[in-house]
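Try each task before reading its solution.

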Amino acid sequence: MTEIRANSVLPARREDIELHTADGLTLVGELALPADREPVATLVCLHPLPTHGGMMDSHLLRKAAWRLPALADVAVLRFNTRGTSSARGTSGGAFDNGVAERYDVAAAIEYAEFADLPAIWLLGWSFGTDLVLRYGCDPGIVGAILLSPPLRSATGEDLAVWARPVKPLTALVPEFDDYLRPDEARGRFAAVPHAEVVGVPGAKHLWVGDAETVLDEVVKRINPAAYPLPRDWDGPLTVAVVE
């Protein structure tokens, strides 16, 4: 048995993908699938603010792609929103402060549907949570998980949309978040009666040191049979070099 560390990459079928938006852009991404079986659920990941370093390789999303296909039979689709760069490349277009990114969200959900990926969930982090709340309440998704939601551009009207269909909506809110802390978050999300707000003791907005907690909470909701995730791996793995 080998301890799963921050840079451990477990086996998966990984392929570079492209998403095509309704306004004519090509977005770059990756799809990671279980190595030798079909997935039981899917995460479509929406990264933090690109003007502050957010991208598809932001550490929680990268670790989800490196671990969850092997540990939880979950497909993980990550991509760069318009104008965003990572090691995978740069997506077309330019950052639009969450406005034209509505087409990026739609393109990702559409890709997952056309690829016949099962039980599609949205996983948004920070800026990505505003995209989920504003544009993600789609008939094709099962539900959504929000990490460090700032509720900066998502309005009461956006939350009201999520109140109508009873799609699972969970917000993981750090105790020491820079923008929205658990007590205030519970008040704001009261507009969605079935929303679950989970305060995470000791955590901060960037979740440094708390990746295992986050991934456990995600898997608990999308594939409870795989919860809690193991901390060791009995099989081959590689170690990524991250700059």
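**Exercise 1. Find the place of His-59, then decide whether His-59 is buried or exposed.**

Step 1: look in helix 1, residues 59-72, and there's His-59. (Helices, H or I with at least four residues, and strands, E with at least two, are DSSP runs numbered from the N terminus.) This is a predicted model: local features need pLDDT of at least 70, side-chain atom pairs count only at pLDDT 80 or more, and totals for chains, interfaces and linings use all residues. Residues are numbered from 1 along each chain as its sequence is written, and side-chain values use heavy atoms, leaving out hydrogens and water.

Step 2: His-59 has a relative accessible area of 18%. Buried means under 20%, exposed over 50%, and partly exposed in between (1.4 Å probe, protein chains only), so His-59 counts as buried.

Step 3: leaving aside residues up to four places away in sequence, His-59 touches Trp-125, Leu-206, Trp-207 and Val-208. Contact here means heavy atoms within 4.5 Å.

**Exercise 2. Work out why helix 3 is largely enclosed by the rest of the structure.**

Step 1: name some buried ones; among them are Phe-127, Asp-130, Leu-133 and Tyr-135.

Step 2: check the cover, which includes strand 5 (41-46), helix 2 (101-114) and helix 4 (156-163).

Step 3: zoom in on Leu-133, whose contacts beyond four places in sequence include Leu-146, Trp-162 and Phe-189.
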